[in-house]
Amino acid sequence: MNKKLLEELKTLNTDVVVVSKKRTSEQIDEVANFGFTTFGENRVQEFLEKYNPKYTWHIIGHLQTNKVKYVVGKVDMIQSLDSIKLAKEIEKQASKQNIIQKVLVEIHISNDETKTGLPVSELESFMEEIKNYPHILVKGFMCVAGLDAGEEKNAQEFDEMKKIFDHYQKENPEIDTLSMGMSQDYKLAIEHGSTMVRIGTAIFVE
């Protein structure tokens with residue numbers, strides 16, 4: 001456990017989601033003792049195995065429509081909304097529970113074809129369509145920068161995300177979250193406007 005980093009993260013003016021995939025409930029409790037109680041999981045099955053309602057949970061990995069029913073009502077935020085098909089299922093399940101599910105729209109900002117996310121070219125029409133889903137509340141946007149693109153390219157990607165965020169925030173005061181930056185690039189992301197970082201590996205370093 002990188003206790004020094006946890007202390008440093010407390011000083012940031014940025015929300016921290018601790019990525020807890022492949023980590024034990026005991027490790028999660030240990031991090032919580034430092035004051036970090038929001039955890040991010042990639043896989044639904046793993047999330048369900050360690051779900052504890054005393055903590056705040058985000059789904060940060062690609063979410064299949066057939067798994068939505070297992071997370072709506074348990075997670076505070078789904079950070080990986082990337083299609084109308086997925087939005088329809090979230091709306092359906094949230095409507096059943098009469099709740100409003102907070103989401104971030106995941107944008108495919110890099111040239112890495114292995115990454116998921118909504119193409120920037122489809123964002124405008126997507127944001128118009130999502131207005132028709134009363135049980136979904138878009139709080140902002142999320143991205144994964146190109147892992148091997150280099151710092152200069154990543155900075156450009158983060159800047160593009162910040163422009164998108166600023167544009168839609170002007171139209172909608174509910175939008176207040178720009179989730180970008182992970183263990184390897186969170187400092188750069190914060191410099192370029194991130195309001196939320198997702199850090200796992202750097203925290204749980206042996």
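Leaving aside neighbours within four places in sequence, which residues is V105 in contact with? They are L81, L118, L123, F126, M127, V138, G140, F141 and M142. Keep in mind that this is a predicted model.

**The nonpolar core**

- The largest nonpolar core has 59 residues, and V105 is among the members that touch the most others.
- As general background, nonpolar side chains tend to be buried together in soluble globular proteins.

**Aromatic pairs**

- How many aromatic pairs does the structure hold? There are six.
- Take F47 and W57: their ring centres are 5.7 Å apart and their planes sit at 65 degrees, so this pair counts as edge-to-face, a label for angles over 60.
- F47 belongs to helix α3 (residues 44–50) and W57 to strand β3 (residues 56–59), so to speak two distant parts of the chain, 10 residues apart, that the pair links.
- Are F47 and W57 buried or exposed? Both of them are buried.
- Then there's F141 with Y168, whose ring centres are 5.7 Å apart with planes at 50 degrees, so the pair is tilted.
- Because F141 lies in strand β7 (residues 136–142) and Y168 in helix α7, this pair ties together parts that are 27 residues apart in sequence.
- F141 has a relative accessible area of 0%, so it is buried.
- Y168 comes in at 11%, which also makes it buried, as the cut-off is under 20%.
- Ring pairs also build a cluster out of F39, F47, Y51, Y55 and W57.

**Two loop residues with positive phi**

- K22 isn't a glycine, yet its phi is positive, near 65 degrees.
- You'll find K22 in the loop between β1 (15–19) and α2 (25–32).
- With a relative accessible area of 73%, K22 is exposed, because the cut-off for that is over 50%.
- N98 is another residue other than glycine with a positive phi, here near 55 degrees.
- Where does N98 sit? Its place is the loop between α5 (84–97) and β5 (101–108).
- N98 has a relative accessible area of 65%, so it is exposed.

Key. Residues are numbered from 1 along each chain as its sequence is written. This is a predicted model: local features need pLDDT of at least 70, side-chain atom pairs count only at pLDDT 80 or more; totals for chains, interfaces and linings use all residues. Side-chain values use heavy atoms; hydrogens and water are left out. A nonpolar core is a set of buried Ala, Val, Leu, Ile, Met, Phe, Trp, Tyr and Cys residues joined through side-chain atoms within 4.5 Å. Buried means under 20% relative accessible area, exposed over 50%, partly exposed in between (1.4 Å probe, protein chains only). Contact means heavy atoms within 4.5 Å. Rings of Phe, Tyr and Trp (its six-membered ring) pair if their centres lie within 6.5 Å; planes under 30 degrees apart count as stacked, over 60 as edge-to-face and the rest as tilted. Helices (H or I, at least four residues) and strands (E, at least two) are DSSP runs, numbered from the N terminus.
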